[in-house]
Amino acid sequence: MPILALRLRQELIAAIAARLASQGLSNNQIAEQLGIAHPRAVDLREQRAERFSLDALVTLAERARLNVRLRATRPYETR
């Protein structure tokens with residue numbers, strides 16, 4: 001698995017987990033709000049990014065009422 005994809009997933013799952021933690025929801029409430037099974041809510045709260053695809057995390061972020069933006073830039077040239 002490419003390292004960049006894992007890093008993107010880790011950043012996204014951290015944002016989702018932080019948003020849900022700020023709401024003080026239980027795992028059952030998280031599962032209900034996001035439309036996922038209880039074990040997936042536990043994975044989300046534990047920030048197990050490797051268990052989610054990037055696409056699934058984007059969908060969950062939207063369900064958690066987060067705005068998701070991706071910005072790609074050219075790498076800096078080093079000489």
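Reply: Going by side-chain nitrogens of Lys or Arg within 4 Å of a carboxyl oxygen of Asp or Glu, the count comes to two salt bridges. Bear in mind that this is a predicted model, where local features need pLDDT of at least 70, side-chain atom pairs count only at pLDDT 80 or more, and totals for chains, interfaces and linings use all residues. Residues are numbered from 1 along each chain as its sequence is written, and side-chain values use heavy atoms, with hydrogens and water left out.

Start with Asp-43: its side chain meets that of Arg-48 in a salt bridge, at 2.8 Å from N to O. Arg-51 also forms a salt bridge with Asp-43, at 3.0 Å from N to O. With those shared partners, Asp-43, Arg-48 and Arg-51 join into one network.

As for cover, Asp-43 is buried, at 8% relative accessible area (buried is under 20%, exposed over 50%, partly exposed in between, with a 1.4 Å probe and protein chains only). Arg-48 is partly exposed at 28%, and Arg-51 is partly exposed too, at 46%.

Now the setting. The chain has four helices and zero strands, counted as DSSP runs (H or I, at least four residues, for helices; E, at least two, for strands). Of its 79 residues, 27% count as buried, and the C-alpha trace spans about 55 × 25 × 20 Å along its principal axes.
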